[in-house]
Amino acid sequence: MDSSTNSLDDASADGSTDFPDRASMMEVRLQAQEDEITLLKSSLADALRRIRLHDQLLPLLKQQLIAVNPGAARVLNHVCCSDGCTGSKRLSSSSAVDGIRHPATSQLSDSIVTNANGHIGSPVSMMPRPRSATLDRSTQTEPILPGQDTGQDRVPLPRRVQSLQLEDALPPGQPLVEGTRAKLHRTPGLEEEDEEEDEEGGGAQEKELSWTSSVEEPIQPTTIRCLQREDFRDRSCSPEELGSASASVRTSDSNLSSRSGPLSAIQEGEKKPLVRRNSEKLGNPERQRKRLDKKAASSANLLTRSPSLENRAKELVTGAGSPGSRRGTYSQEQSIKMFIRGRPITMYIPSNIQNYEDLKMEPPSERLELDWVYGYRGRDCRANLYFLPTGEAVFFIACVVVLYHINNRTQRHYRKHTDCVRCLTLHPDKVRVASGQTSGVDKDGKPLHPCVHIWDSTTLVTLQQIGLGSFQRGVGAVAFSFADSGAFLCVIDDSNEHMLSVWDCNKGSKHAEVKNTNEAVFAVEFNPSDSTNIITCGKSHVYFWTLTAGQFTKKQGIFGKYKKPKFIQCFVFSLTGDVLTGDSEGNILTWGKSAADVKTLGKGAKETLQIMRQTRAHEGSVFTLCTLQGGALLSGGGKDRKIIRWSADLAPERECEIPENYGAVRTIADVDGEELLVGTTRNAILRGTFSDGFVAIVQGHVDEMWGLATHPSQNIFLTCGHDRQVCLWNTEEHKLDWCITLEEYGLCAGFCPNGSVVSVGLSTGRWMVLDLLTREVVSESIDGNEQLSVMRYSPDGSFLAVGSHDNFIYIYNVTESGRRYTRFGKCNGHSSFITHLDWAKDGKYIMSNSGDYEILYWDIAAGCKLLRNRFESKDREWASYTCVLGFHVIGVWLEGSDGTDINALCRSHSERMVAVADDFCKVHLFQYPCPKPKAPSHKYEGHGSHVTNVCFTHSDSHLLSMGGKDTCILQWRVIQGGAGDSRERLASASSASTSSPEPATS
């Protein structure tokens, strides 16, 4: 496993503590301030309504009060004028969607959301939310109106006339003169009329922009408090509402002068008095008055329902979660909010879900069983291909050791390794196998201990686990002893000193250990005739070790008059006991024992190992040597790609050259003396003879892969990656149909629904369309200069959507059966690069995700228009589901996810399950839909790097998963479970097999 690709973000790890980091707290604080601004705007609207009515009735009230009770008149004058409110001036107003920050309003809102402990929070939505006029696309949330919380009891606002009567201003017991009664009243049914008027063409935004005034004047905090207190004095307020509102006002008053926090600097430049300005042309005055009254009534309703702001702040602090948490917050019948890295993401609940809390999440009844492994790790590993008497070739890739029957074309898999396998060796009995793995890290960043597994190749049962916790970084090379029938195992680890250790295979205990060298070590072997002699080779060295009474002694090979090569790549033992090494100079060196040089070294000098003969073998490096029965030798070259057969006295007998597209010879395995298996540096295994040549029986990519697409009607799929190869695979025959090499590397692909062409997106913004039969490029275009991430056809094949890292989605008209493309439009609205997108079943809408966790919806038929009201898309059905963010897949996110932990997901065509590719080498299988957090799943291992993509075949019979750096493609067979609805299915256990152990259910 590549630790660099699986390491977690430090901020995400720190976020699991009780104290969120500063940046996430600022995000939460900002959301809370937006909520309070909404409350204040509504309060101001209500205040303007009251002021207007007071202005109309003030002369009459004054006349009546003077005539009846002068003391009452003074009380009324104090209420209206003590904080700067006069009858001759009106507070000016502006649009409710005004983006200007006002010192008075922002200061008041900030003080309100700061509780006694200084914690900041935002309300958790638990009620149906009215449609908002603005859309915060950076967080994908709409402003949350106050009072929407089930944690507080609410007193509903009755739809009756709510009055401020003249008796309210009179002293107790004072009679009112007949004929002088006046009312400030609110007309019932204003909300309904306002909604109807909004639907007639105003819309939410027009509704917010409609109220105006004629005089401009600074708005003071005292004015707001005065208006709020006046509202609380209204006899229409219940005692509970009055107490809650009073607490809110006291909280705001006490904190106005003491507010401080991370956002203070943002407001430093806004000290000057701000005025609300008219933002639209004055229309019909009577219409304006009616709309103002309606808005005031609706705002009063909102204020009446608002719980204590202090309690709301406390609730958010206790419920918002850590900055790196993934947490769902339920809003009854409307939406649910989840947090990724402290950022809230709102998702609307579909209408067909009546009670969200009653949904039960269960793992799917279907399970996965590993069916086939595509690829071979030859690019950076040596001596990793062996042939068993059972007719199977043994090799490895990622975390899987593959046993491939070369005649029957079947595979078995040893899958007990927890990380990438790095080395392999065969026991002298030709049954037992030893394989070593690297260390890597788990999802929490903790190192995993490397070890060596000794297992039975017939039963695939692990016999012994060697050295767990003893090796550092990984195991680089392993070898069984021969003279004692494999009683000991020699291991070289990947630490700085490349520790050499010998282990008892039966007991699993360490017999001896010694520091080897700080240089790279490529190979280790026991002397076949003497288990006390061990040889290692690598960069600029070949060492001869002797093990006596648990202690090692080392002799270094002396090159003498011969040029010392930079690398000793490999070595074997000849029948005469000599050692033959292959080096980076293309030579085969024969090492033998020489008598002690007594004349030079004096008495006590010991015999040495020196070069007896040098044989020129290849142009470039000699990568591998393989001995045959009878003493013959095979050598494999690097630069010249030749395989040469040598006689026992190193006379060349036959040679052949493998095709250039397979790379250099990495390793050779003898089948029967004539037929050979050859592993290459471009991750292919060839089978053949010197006479008939060689053909590939195993092939794979050689660099990181990202693009994956399955055919809409056939059992084939296409892959592309950083190696610039585009490959078409057959899932039934388990082979590569064809492969082409591009000038640039591909990152994404998509089949046209008619199945005749496939589009491939490249790293430079260019994309091309290939004919599946002729492999020719039938169309080509370029969009921007950044890499493309998604290629997706509409269900009927009439459109192609191209998602780019330049934040745009390009839409093309598709004609002539996918061979002609014309630009239709461009979706502009994302603030980060496009990661995933899906078409609706009607082919008119698109849902898209971006790198900053946005969920946006687009009306393509209307000209690629961004749908501001995401609530309208909650019941839309999607032809595919690959977006990692959405209501139906909330449950796939694990606790503590940082937003990049899931690379891809794919819903099955039956819409019963969804497969997930994560950053921790795992493939998950969830039921679909899984809209609740912490949904259970089946978890499958096998990849040794981040899983970049997953995709179901057209019939849902198989799932394909693709690793990143491990260059491995795994084909999983879908084992069907019981029938029934996805929420009612019970998980059924599939029969355990050696190739696919029972997965863990998380």
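**View 1. The whole chain, helices and strands.** Helices (H or I, at least four residues) and strands (E, at least two) are DSSP runs, numbered from the N terminus. The model is predicted, so to speak of local features takes a pLDDT of at least 70 and side-chain atom pairs count only at pLDDT 80 or more, while totals for chains, interfaces and linings use all residues. Residues are numbered from 1 along each chain as its sequence is written, and side-chain values use heavy atoms, with hydrogens and water left out.

View 2. Of the chain's 1002 residues, 58% count as buried (under 20% relative accessible area, with exposed over 50% and partly exposed in between; 1.4 Å probe, protein chains only). The accessible surface (Shrake-Rupley method, 1.4 Å probe) is about 41,400 Å², and carbon and sulfur atoms supply 48% of that. Among contacts (heavy atoms within 4.5 Å) with a separation of 6 or more, 55% are between residues 24 or more positions apart.

**View 3. The open sheet S19-S20-S21-S22.** Here four strands pair (at least two DSSP bridges between two strands) in antiparallel fashion, in the order S19-S20-S21-S22. Strand S19 (521-527) and strand S22 (551-556) are at the edges with a single partner strand each, so one side of each has no neighbour in the sheet. From one strand to the next, the twist averages 25° (axes are lines fitted to C-alpha atoms, and angles run from 0 to 180 degrees between N-to-C directions). Six bridges link S19 with strand S20 (residues 530-538) in the antiparallel sense. Look for glutamate 525, which faces isoleucine 535 in S20.

**View 4. The open sheet S43-S44-S45-S46.** This sheet also has four strands, with antiparallel pairing in the order S43-S44-S45-S46. Its edges are strand S43 (788-793) and strand S46 (820-828); each has a single partner strand, so one side of each is left without a neighbour in the sheet. The twist averages 20° from one strand to the next. S43 and strand S44 (residues 799-804) run antiparallel and are joined by five bridges. Leucine 788 has serine 804 as its bridge partner in S44.

**View 5. Cysteines without a disulfide.** The structure has zero disulfides (pairs of cysteine sulfur atoms within 2.5 Å). For cysteine 570, the closest cysteine sulfur belongs to cysteine 537 and lies 7.0 Å away, too far for a bond. Cysteine 570 counts as buried, at 8% relative accessibility. The sulfur of cysteine 827 is 4.2 Å from its closest cysteine sulfur, in cysteine 864, which is again too far for a bond. Cysteine 827 is buried too, with a relative accessible area of 0%.
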